[in-house]
Amino acid sequence: MIRILCIGEAMVEMSQAPQPDLWRMGIAGDTLNTAWYLRRLMGTDVQVGYLTRIGMGDFSGRALDFMAAEGIDTTHVTRDPTREIGLYAITLADGERSFSYWRDSSAARRLANDPAVLARALRGCALAYLSGITLAILPPEGRGHLMDALATARAQGTQVVFDPNLRPRLWADADTMRATIQQAAAQSDLVLPSFDDEATHFGDADPAATLARYLALGAGHVVVKNGGGPICWDGAHGAGAIDDLRPETPVDTTAAGDSFNAGYLAAWLARPDCDAAVRAGHALSRQVIRHPGALVRAALPPA
C-alpha cells in the first residue's frame, strides 16, 4: 500500500447557487481539494490520507464524515475541544473568484502543535503534500514543528511536494511569507508554483526565472503552472516545456491549481514522465474550471 499524506486546512465552503440569494455548502480547502482529486484518480493500492485539526461541533463532524465517505483516510485528523472548523464564501465575477474567510481562530491553526502527531502521521509515507496556505495558518512554533517533521520524513524516504500557493492576507507580512515559502521549497522534492503569483510576490520576469530561483534554493524539481499558458519544468527529472495546451474560458477558477497538482501527481506516480503528467494535470484542471465549486465530480474520468 502506497501512502500519500496531504496536510492543511479543511473548511466549510459556501458557494453561490444559480438561484438568487441561495448558497450551497460543501467541504473544501486547497490541500483537501488535491487529496479529493487524488483519491479519485488513484487505484486501490494507494491510500490518500489527510492531516488536519477540526472541532467537536456539527460542521466539524460533517467535514470528518465527508472525508471518510469520500475514501480519504482520516486517521490523522485530530479534534479540538475549544476551536471549530473555518469557513469561507466564494463570489464570482466573469469566472474569477474572490473569497471571504472566517478562519482566524480555526482549529486547523493547531494542526502542528504536537511533533509526535506529525511524526506518526508521516512515518512510512511515500509522499507528503502541503502548500503555502498550510504554513501560513500556523503559528511560528507549529510551522517549525511541521518543517522539522517533513525534513525527518524526507531523510527517511518520503517525497515532499509543495505548492507555494501565495496568499499574502494570511501572513503577518510579505517578508515572512517569502522567507517561509523559500525555506519550504528548499527542502522539497517537487515544487508546483503558479507563475502569476510568483511574478507578483517575487518579481519573476517569466516562468524561466521562477524555475531558476527555486532550483537555486535547492528544490529537487519544479513545474511552473501558467494560467492556461505554456508550462515549463526543470530539475531532477529533466527540463522541458509545453506550449500547445488548449485554453478554457472559466466558469469558476476555484481549485484550478489544486486539481492540476492532483492530475500531475496521479499521472507521475503511474508513469514518471513530466510531459504526460503536465498534460494530465492541465486536462483535469481545464475540466474543473468549467464548473462551479472546488470539487467537481463531472470533471473526473469515468470510473
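User: Why is Ile54 called buried?

Analyst: The model is a predicted one. In it, Ile54 has a relative accessibility of 0%. Buried means under 20% relative accessible area, so Ile54 counts as buried. The residue is found in strand β4, which covers residues 46-54.

User: What does Ile54 touch, beyond residues up to four places away in sequence?

Analyst: Ile54 touches Ser60, Leu64, Val77, Thr78, Arg79, Asp80, Ile85 and Ala107. Contact here means heavy atoms within 4.5 Å. As for Ala136, it is 82 residues from Ile54 in sequence, and the C-alpha atoms of the two are 17 Å apart in space.

User: How do you know that α7 and α8 are roughly perpendicular to each other?

Analyst: The two helices pack at an angle of about 75°, and their axes are 10 Å apart. Angles of 65 to 115 degrees count as roughly perpendicular, and α7 and α8 are therefore given that description. On the α7 side, the contact is made by Phe195, Glu198 and Phe202; on the α8 side, by Pro207, Thr210, Arg213 and Tyr214.

User: What makes up that contact of α7 with α8 by class?

Analyst: It has 4 nonpolar, 1 polar and 2 charged residues.

User: Which residues of α8 are buried, and what covers them?

Analyst: Pro207, Thr210, Leu211, Arg213 and Tyr214 of α8 are buried. The cover over the buried residues of α8 includes α6 (174-186), β10 (190-191), α7, β11 (221-224) and β12 (231-235). Just after α8 comes Gly218, which takes a positive phi of about 120°.

User: What makes the phi of Asn165 worth a remark?

Analyst: Asn165 has a positive phi of about 35° although it is not a glycine. Most residues other than glycine have a negative phi. The place of Asn165 is in the loop between β9 (159-163) and α6.

User: What is the phi of Ala255, and why is Ala255 called buried?

Analyst: Ala255 has a positive phi of about 70°, although it is not a glycine. Its relative accessible area is 4%; buried means under 20%, so Ala255 is buried. Ala255 lies in the loop between β13 (240-242) and α9.

User: Why is Gly257 called partly exposed?

Analyst: Gly257, in helix α9, has a relative accessibility of 23%. Buried means under 20% and exposed means over 50%, with partly exposed in between; Gly257 therefore counts as partly exposed. Along the chain, Gly257 and Asp163 are 94 residues apart, while their C-alpha atoms are separated by 8.8 Å.

User: Where does Gly257 stand in relation to the largest pocket?

Analyst: Gly257 is among the residues closest to the centre of that pocket, together with Arg97, Arg167, Thr253 and Ala256. The largest pocket is lined by 48 residues and holds about 1,200 Å³ of space. At least two lining residues each come from α1 (30-41), β7 (96-102), α7 (195-202), α9 (256-270) and α10 (274-288). Of these, β7 gives the most, with 5 residues. The lining divides into 18 nonpolar, 13 polar and 17 charged residues.

User: What makes up the lining of the second largest pocket?

Analyst: This pocket holds about 250 Å³ of space. Its lining consists of 14 residues, and Glu13, Gly26, Gly293, Ala294 and Leu295 lie nearest its centre. By class, the residues divide into 8 nonpolar, 3 polar and 3 charged. Both β2 (11-16) and β3 (23-28) supply at least two residues, and the largest share, 5 residues, comes from β3.

User: Which residues is His145 in contact with, leaving aside its neighbours within four places in sequence?

Analyst: His145 is in contact with Ala112, Asn113, Pro115 and Leu118, on the criterion of heavy atoms within 4.5 Å. His145 lies in helix α5, residues 140-155. Its C-alpha atom is separated by 7.6 Å from that of Asp114, 31 residues apart along the chain.

Terms used
Residues are numbered from 1 along each chain as its sequence is written. This is a predicted model: local features need pLDDT of at least 70, side-chain atom pairs count only at pLDDT 80 or more; totals for chains, interfaces and linings use all residues. Side-chain values use heavy atoms; hydrogens and water are left out. On a 1 Å grid over the protein atoms alone, a cavity is a set of points where a 1.4 Å probe fits but cannot get out, and a pocket is an open set with protein on both sides within 12 Å along at least five of seven lines; lining residues have an atom within 4 Å of a point. Grid points are joined across faces, edges and corners, and a volume is the space filled by probe spheres set on the points. Helices (H or I, at least four residues) and strands (E, at least two) are DSSP runs, numbered from the N terminus. Ala, Val, Leu, Ile, Met, Phe, Trp, Tyr, Cys and Pro count as nonpolar, Asp, Glu, Lys and Arg as charged, and the others, Gly among them, as polar. Axes are lines fitted to C-alpha atoms, for helices over the stretch in contact, and angles run from 0 to 180 degrees between N-to-C directions. Angles under 35 degrees count as roughly parallel, over 145 as roughly antiparallel, 65 to 115 as roughly perpendicular and the rest as oblique. Buried means under 20% relative accessible area, exposed over 50%, partly exposed in between (1.4 Å probe, protein chains only).
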